[in-house]
Amino acid sequence: VQLQASGGGLVQAGGSLRLSCAASGSIVSIYNMDWYRQAPGEQRELVATITSGGTTTYVDSVKGRFTCSRDNTENAVFLQMNNLKPEDTAVYYCHADIFVRAPWARGDYWGQGTLVTVSS
């Protein structure tokens, strides 16, 4: 199973970006999908979580600006980021809790990270 993230880039403060992450492989079921971020010198931070039913939760610093969604038919999760701020600069990672066929087990899977840089 692989998670492929895309959509990062350089944007000015106040701008928008949309991150995408698609899971592929021998997937039986995907439970929660999340976006984390890690700024230079900082610990990895949970930004948003979306359940298989579409319920979302966000870290306080992005509430009202970021929207997490998913497409269960495409095994994909998205993060729409609006009104970006310089403090949103980080590498963003997608994560998913997935039950896979081989082995017949549930585990944590991570994307490779995509860099978001917000200039002031």
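**Exercise 1. Determine whether phenylalanine 99 is buried or exposed.**

Solution. The relative accessibility of phenylalanine 99 is 19%. Buried means under 20% relative accessible area. Phenylalanine 99 therefore counts as buried. This value, like the others below, is computed from a predicted model.

**Exercise 2. Classify the aromatic pairs of the protein.**

Solution. Step one is the count: there are two aromatic pairs.

Step two takes tyrosine 36 and tryptophan 110, whose ring centres lie 4.9 Å apart with the planes at 55°. Planes under 30 degrees apart count as stacked and over 60 as edge-to-face, with the rest tilted. The pair of tyrosine 36 and tryptophan 110 is therefore tilted. This pair links distant parts of the chain, since tyrosine 36 belongs to strand β4 (residues 27-38) and tryptophan 110 to strand β10 (residues 105-110), 74 residues apart. With a relative accessibility of 38%, tryptophan 110 counts as partly exposed.

Step three takes phenylalanine 99 and tryptophan 104. Their ring centres are 5.1 Å apart and their planes stand at 80°, so this pair is edge-to-face. Its two members fall into separate classes of accessibility: phenylalanine 99 is buried at 19%, whereas tryptophan 104 is exposed at 61%.

**Exercise 3. Describe the position of aspartate 97 and its contacts beyond its neighbours within four places in sequence.**

Solution. Aspartate 97 lies in strand β9, which covers residues 90-100. Its relative accessibility is 15%, so aspartate 97 counts as buried. Once neighbours within four places in sequence are set aside, aspartate 97 is in contact with Ser29, Ile30, Tyr31 and Asn32, and also with Arg106, Gly107 and Asp108.

**Exercise 4. Characterise the overall fold and dimensions of the protein.**

Solution. The protein contains zero helices and eleven strands. Its pattern along the sequence is accordingly written β-β-β-β-β-β-β-β-β-β-β. The radius of gyration is 14 Å, close to the 14 Å that the globule rule gives for 120 residues, so the protein is as compact as a globular protein of that length. Taken along the principal axes, the C-alpha atoms fill a box of roughly 45 × 25 × 20 Å.

Among contacts between residues at least 6 apart in sequence, 54% join residues at least 24 apart.

**Exercise 5. Summarise the burial, surface and charge of the protein.**

Solution. For burial, 39% of the 120 residues count as buried; aspartate 97 and phenylalanine 99 are among the buried residues. For the surface, the protein exposes about 6,200 Å², of which carbon and sulfur atoms supply 47%. For charge, there are 9 positive and 10 negative side chains. The centres of these two sets lie 3 Å apart.

Conventions
Residues are numbered from 1 along each chain as its sequence is written. This is a predicted model: local features need pLDDT of at least 70, side-chain atom pairs count only at pLDDT 80 or more; totals for chains, interfaces and linings use all residues. Side-chain values use heavy atoms; hydrogens and water are left out. Helices (H or I, at least four residues) and strands (E, at least two) are DSSP runs, numbered from the N terminus. The radius of gyration is taken over C-alpha atoms; the globule rule is 2.2 Å times the number of residues to the power 0.38. Buried means under 20% relative accessible area, exposed over 50%, partly exposed in between (1.4 Å probe, protein chains only). Contact means heavy atoms within 4.5 Å. Accessible areas come from the Shrake-Rupley method with a 1.4 Å probe; for residues, only the protein chains shown count as cover. Lys and Arg count as positive and Asp and Glu as negative; His and the chain ends are not counted. The place of a charge is taken as NZ of Lys, CZ of Arg, CG of Asp or CD of Glu. Rings of Phe, Tyr and Trp (its six-membered ring) pair if their centres lie within 6.5 Å; planes under 30 degrees apart count as stacked, over 60 as edge-to-face and the rest as tilted.
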